[in-house]
Amino acid sequence: MAYKITDSCISCGACAANCPVECIKAGDEKYEINPDLCVSCGTCANICPVGAPEEE
Ligand code: SF4
Ligand code: SF4
């Protein structure tokens, strides 16, 4: 199971800077996770100031 970034993302970039496999990139309206690379470590959810990443 991968994590997914919900619409509450404010595009601060903290998750992308701390993802151990660098699978988070800036999208058009929010940051996005590549589910094929995500190892579900939970770092993005723990570091996000608005709780945008959720486990699918
Ligand atoms: Fe990256 Fe871990 Fe978040 Fe997956 S759960 S996107 S591997 S920080
Ligand atoms: Fe969006 Fe949270 Fe990632 Fe910041 S840390 S870019 S608000 S998902």
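Which residues touch the most other members in the largest nonpolar core? I began with this, keeping in mind that the model is predicted, that local features need pLDDT of at least 70 and side-chain atom pairs pLDDT 80 or more, while totals for chains, interfaces and linings use all residues. I also noted that residues are numbered from 1 along each chain as its sequence is written, that chains are lettered from A and ligands numbered from 1 in the order in which they are written, and that side-chain values use heavy atoms, with hydrogens and water left out.

**Entry: the core**

I found that Ile5, Ile24 and Ile33 touch the most other members of the largest nonpolar core, which has 14 residues. The elements giving two or more residues to this core are strand S1 (3-5) and strand S3 (31-33). For the term itself I wrote down that a nonpolar core is a set of buried Ala, Val, Leu, Ile, Met, Phe, Trp, Tyr and Cys residues joined through side-chain atoms within 4.5 Å. Buried stands for under 20% relative accessible area, exposed for over 50%, and partly exposed for what lies in between, with a 1.4 Å probe and protein chains only.

I then looked up Ile24, leaving aside its neighbours within four places in sequence, and listed its contacts (heavy atoms within 4.5 Å): Ile24 is in contact with Ile5, Cys15, Ala16, Cys19, Tyr31, Glu32, Ile33 and Cys44.

**Entry: the chain as a whole**

I counted two helices and four strands in the protein chain, and along the sequence they follow the pattern β-α-β-β-α-β. These are DSSP runs numbered from the N terminus, helices being H or I of at least four residues and strands E of at least two.

I checked the radius of gyration, taken over C-alpha atoms, against the globule rule of 2.2 Å times the number of residues to the power 0.38. The protein chain has 10 Å, which agrees with the value near 10 Å for a compact globule of 56 residues. Along its principal axes, the C-alpha trace spans about 25 × 20 × 20 Å.

Buried residues make up 32% of the 56 residues. Among contacts between residues at least 6 apart in sequence, 57% join residues at least 24 apart.

**Entry: the two ligands**

I took a residue as near a ligand if one of its heavy atoms lies within 4 Å of it. Around ligand 1 there are 14 residues, of which Cys19, Cys38, Cys41, Gly42 and Cys44 come nearest. Around ligand 2 there are 14 residues as well, and here Cys9, Cys12, Gly13, Cys15 and Cys48 come nearest.

For the classes, I counted Ala, Val, Leu, Ile, Met, Phe, Trp, Tyr, Cys and Pro as nonpolar, Asp, Glu, Lys and Arg as charged, and the others, Gly among them, as polar. The shell around ligand 1 has 11 nonpolar, three polar and no charged residues, and the shell around ligand 2 has 12 nonpolar, two polar and no charged residues.

**Entry: Tyr31**

Is Tyr31 buried or exposed? Tyr31, which is found in strand S3, counts as buried because its relative accessibility is 16%. Not counting residues up to four places away in sequence, Tyr31 touches Ile5, Cys9, Ser11, Gly13, Cys15, Ala16, Ile24, Lys25 and Ala26. I also noted that Tyr31 and Pro53 are 22 residues apart in sequence and 9.6 Å apart in space, C-alpha to C-alpha.

**Entry: loops and backbone angles**

Most residues other than glycine have a negative phi. Against that background I wrote down Ser11, which has a positive phi of about 55 degrees although it is not a glycine. Ser11 is found in the loop between S1 and H1 and is partly exposed, with a relative accessible area of 34%.

Glu22 is not a glycine either, and has a positive phi of about 50 degrees. Glu22 lies in the loop between helix H1 (14-18) and strand S2 (24-26), where it is exposed, with a relative accessible area of 56%.

Asp7 is found in the loop between S1 and H1 and counts as exposed, at 70% relative accessibility. Asp7 and Pro53 are 46 residues apart in sequence, yet 9.3 Å apart in space, C-alpha to C-alpha.
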